[in-house]
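User: Hello! I would like to go through this model with you, one question at a time. Could you take a look?

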Amino acid sequence: MSVVLTTDSVPDQEKVTYWNEVLSRTLVPMTVSPRGTGPFDGRIATHRIGYLQVSTVEADAKRVSRTPALITPSCEALVAVGVQISGTATFAQGGRTAEVSEGDLVVYETGRPYSFDYPRRFTTHVFQLPRRTLSVPDGDIRRIAGNAIHTGGGVGAMLFLFLSSLTSMAGGGHPPVIARRLADVFVDLLSTLITERAHPYGTEPDTVSGTLLVRIREHIDRNLGDPDLSPESIAQAHGMSVRYLHRLFEGEETTVCRLIQRRRLEECSRELARRGRATPSVSAVAHRWGFSSPAHFSRVFRAAYGVPPREWRALHTTPDRLLAAPAGLSTTPSAPMPGGPRHLRSSRLESR
């Protein structure tokens, strides 16, 4: 099944606002600045393949920016791959800028600011997946962000061919086990490409450390509700010393304790934003995700999000049907986005 959104039926004066909300809900929050003076035209088709989201964007010339103000602690860490199909783009992230031509790839993190500048009409594929699925160090991803990756040979060519095939079969309604395997192949190829580009002169990365970090992050996610989750318990579960555990995180721009607290807060913020028939109390949500002290939870939540948990719930409560839709999209054909133009529509294309 595909979710398709287009500006075709939107009044000219509302097209830019509409398109901004479409991209922000389908991909990640961003701002759109058209480069032309006439009516804006855009179309995006989105599919799910296991834990991988595949989107095809076709639009007029524009600039899209993901600014620091749009990146919140509750946003899931994603890695994205852009494939330029037609037109060109100027991509910037991490202080580097790259000119992206047809057939080039770019790899970037949605948890850091970035921008794409498209000087004329273009088509691009965007692949988004959770950061935790990649068994490569953060430093390797950041070494290649802001660079255009040519696909004329090597692993880049293999990944480009696979992604082209994956896009053509994305709306095929594959059984979950097949969809998961396809997503896993993508992850393996992408991890290999990142390693190849991050270490071009044969310097071997610490692949053991990278694999351990992935396992530790998965362990943390599985045990967030355990109030005894700590560096000591994590080190013991993985047969290592606490000192070695902390050393693994030296290149991750966070500590083990901060990661545990951040992930707990993320899960609490998501649960508090859900609206259902039986709404759990704030203290129950805090307890479920490993906070033993409601007062401590309230303090750290406010420090992270700027408001107390109860106020967050009041400001961000969202219908369950929106939270359940892929990438934040409502797949109800006639449902407008909250606060958005009344003409926002999504349509379903059944696979043939």
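This is a predicted model: local features need pLDDT of at least 70, side-chain atom pairs count only at pLDDT 80 or more; totals for chains, interfaces and linings use all residues.

User: Which residues lie nearest the centre of the largest cavity?

Analyst: Residues are numbered from 1 along each chain as its sequence is written, and side-chain values use heavy atoms, with hydrogens and water left out. On a 1 Å grid over the protein atoms alone, a cavity is a set of points where a 1.4 Å probe fits but cannot get out, and lining residues have an atom within 4 Å of a point. The largest cavity is lined by 20 residues, and those nearest its centre are L27, Y108, F116, Y118 and V126.

User: Which element gives the largest share of the lining of the largest cavity?

Analyst: Helices (H or I, at least four residues) and strands (E, at least two) are DSSP runs, numbered from the N terminus. Two or more lining residues come from each of β5 (62-66), β6, β9 (105-109), β10 (114-118) and β11 (122-130). The largest share, 4 residues, comes from β11.

User: What is the volume of the largest cavity?

Analyst: Grid points are joined across faces, edges and corners, and a volume is the space filled by probe spheres set on the points. The count comes to 3 cavities of 30 Å³ or more. For the largest cavity, the volume is about 180 Å³.

User: Which aromatic residues are linked into a cluster by ring pairs?

Analyst: Rings of Phe, Tyr and Trp (its six-membered ring) pair if their centres lie within 6.5 Å; planes under 30 degrees apart count as stacked, over 60 as edge-to-face and the rest as tilted. A search of the whole structure finds 15 aromatic pairs. One of them is Y114 with F116, edge-to-face at 6.0 Å centre to centre and 80 degrees between the planes. The cluster linked by ring pairs is made of F91, Y108, Y114, F116, Y118 and F122.

User: Is Y114 buried or exposed?

Analyst: Buried means under 20% relative accessible area, exposed over 50%, partly exposed in between (1.4 Å probe, protein chains only). Y114 has a relative accessibility of 6%, so this residue counts as buried.

User: Why is the pair of Y305 and W312 called tilted?

Analyst: Both Y305 and W312 are buried. Their ring centres are 4.7 Å apart and their planes stand at 55 degrees, so the pair is tilted.

User: Which backbone oxygen does the side chain of Q93 reach?

Analyst: Q93 sits in strand β7 (residues 89-93), and at 2% relative accessibility Q93 counts as buried. Contact means heavy atoms within 4.5 Å. Leaving aside neighbours within four places in sequence, Q93 is in contact with Y108, E109, R112, P113, Y114, A145 and G146. At 3.3 Å, the side chain of Q93 reaches the backbone oxygen of R112.

User: Which element gives the largest share of the lining of the second largest pocket?

Analyst: A pocket is an open set of grid points with protein on both sides within 12 Å along at least five of seven lines. The second largest pocket has a volume of about 760 Å³ and is lined by 30 residues, with C75, A77, R217, R262 and E266 nearest its centre. Elements giving two or more residues to this lining are β6 (78-86), α2 (138-144), α5 (207-222) and α8 (256-272). The largest share, 7 residues, comes from α8.

Technical notes
A polar contact is a pair of N or O atoms within 3.5 Å; within protein, one must be able to donate a hydrogen and the other to accept it, and residues adjacent in sequence count only if both atoms are side-chain atoms.
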